[in-house]
Amino acid sequence: MDKIKFLDLGRQPIANRFLNEDEFENEFFYNLGVGFDQDTGLVTQMDYVDAPMMFNDEYAYRGSMSKTMRDHFAKFSKHFKGNIHRNPKVLEIGSNDGVFIKNWNKKTTFAVEPCGNFAQETNDMGYETYAEFWDMDTSAEILEDHGKMDLVFSANCMCHIPDLDGAFQAVKNILTDNGLFIFEDPSLQRMIALNSYDQIYDEHPHVFSVIALQNLLNRNGLYVAKVEKLEVHGGSNRIYAKKISNVNQHTSVEDHLTLERNVGLDKLSVLDNFAEKVRTSKDHLLKILRRLKNENKKVISYGATSKSATIFNYCQIGSELIQYITDTTPEKQKKYSPGMHIPIIPPEEGFNNSVDYAFLGAWNFAKEIKNKENNFTGKFFTHVPTVRIL
Ligand code: JHZ
């Protein structure tokens, strides 16, 4: 890869590693530089963190913590079964706590999940789960055990894999000739439009444009058949890819490519401009937090997201500016946030009307949160698309 660096997000921790006090001293940090690969147009980190440092038996993120995501996967599964294939053989790559596979038949659905705690959980649910990273060896093992798959599905996982050529070859190996490889990940176009630089952290070595994906898939014998724009996770794309080249390519592919070229996602100058906006966002966020502190306001954060690890570490925001974070995930509660060590407590203990301002760490669920918290007398604030009080 021929990468040119356009953004430096500074010293960053492992974004999903929530700590006890006695773990502060030996916490791991790395430098988060973001670059543009001139060969493929891929936005990708300059150096990748080793996968087992991030994905292991203590992994804390649970996809099923939000109703939005539970509904999202239930809806897609119903649509697929009703309109595309009634009873496909399915493989999910990166099954987390089973939020997607629980919509599918236990006998014909298989999963791959490198985090042992979650692989155990979905095995216990009755879905055969391989506790492995996704690569050609894992693909060959599953192929031998269960044959080819009609649907290979992956949500918020492909952008986590540094070696995309290896990952796509491994998909091609296990897909039936008419099979579909469907995957969804945050969209570069939406990230730039929203200035949501917090989509970048250790687990997201890449942020995908359709331009880059088309280049990468094609060189591995896969073809983009359709692209769907999704609202989840702050703006994502769902890519439908096939092994056969696109005789019947959906118009959405060309539409997305045209939009991305018009925005200039294949140009470094557009990324340089984004980097400038990121620096401005940092200044504005610090300014508002310092003002609220001077006014003696109680400020907290809502949702101990991986995304907010990027923001707090890049902007150097600690518990002097944000008193604590509330989060519904049991594995994160009573611990401290990565890098800046802000305490995390259950919402029942910390989200109430003594709070004046709540930063939306989980801004991607703003609608769900505002509906749920309609008795809140304080104010929410966010950094997307600009720093503002809602
Ligand atoms: P959420 C993770 O990113 C990591 P994060 C990963 N790399 C990825 O790609 C995306 O997910 C998909 C809590 N919460 O989904 C639950 C509340 O407390 O934005 C979660 O801890 N109350 C795999 O971590 C967090 O917020 C609520 O009402 O950035 C949301 O995390 C709701 C709705 C959520 O992903």
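This is a predicted model: local features need pLDDT of at least 70, side-chain atom pairs count only at pLDDT 80 or more; totals for chains, interfaces and linings use all residues.
Let me start with a charge over a ring: Arg11 lies over the face of Phe29, at 3.7 Å from the ring centre, where the rule asks that NZ of Lys or CZ of Arg be within 6 Å of the ring centre and within 35 degrees of the ring normal. Likewise, the charged end of Lys226 sits over the ring of Tyr240, 5.0 Å from its centre.

Residues are numbered from 1 along each chain as its sequence is written, and side-chain values use heavy atoms, with hydrogens and water left out.

Now to rings that meet other rings. Rings of Phe, Tyr and Trp (its six-membered ring) pair if their centres lie within 6.5 Å, and planes under 30 degrees apart count as stacked, over 60 as edge-to-face and the rest as tilted. The count by this rule is 24 aromatic pairs. One of them is the tilted pair of Phe168 and Phe183, 5.9 Å from centre to centre with 45° between the planes. This pair links distant parts of the chain, since Phe168 is in helix H5 (residues 164-174) and Phe183 is in strand E8 (residues 175-186), 15 residues apart; helices (H or I, at least four residues) and strands (E, at least two) are DSSP runs, numbered from the N terminus. Phe168 counts as buried at 0% relative accessibility, and Phe183 does too at 1%, where buried means under 20% relative accessible area, exposed over 50% and partly exposed in between (1.4 Å probe, protein chains only).

There is also a cluster to point out, formed by Phe73, Phe76, Phe80, Phe100, Trp104 and Phe153.

Which residues of H2 are buried? They are Met69, His72, Phe73, Phe76, Ser77 and Phe80. Seen down the axis of H2, these buried residues fall within an arc of 120°, so they line one face of the helix, the arc being that of the directions from the helix axis to the C-beta atoms. On the other side of H2, Lys75, Lys78, Gly82 and Asn83 are exposed. The buried residues of H2 pack against strand E7 (149-155), E8, strand E10 (223-230) and strand E11 (236-242), with contact meaning heavy atoms within 4.5 Å.
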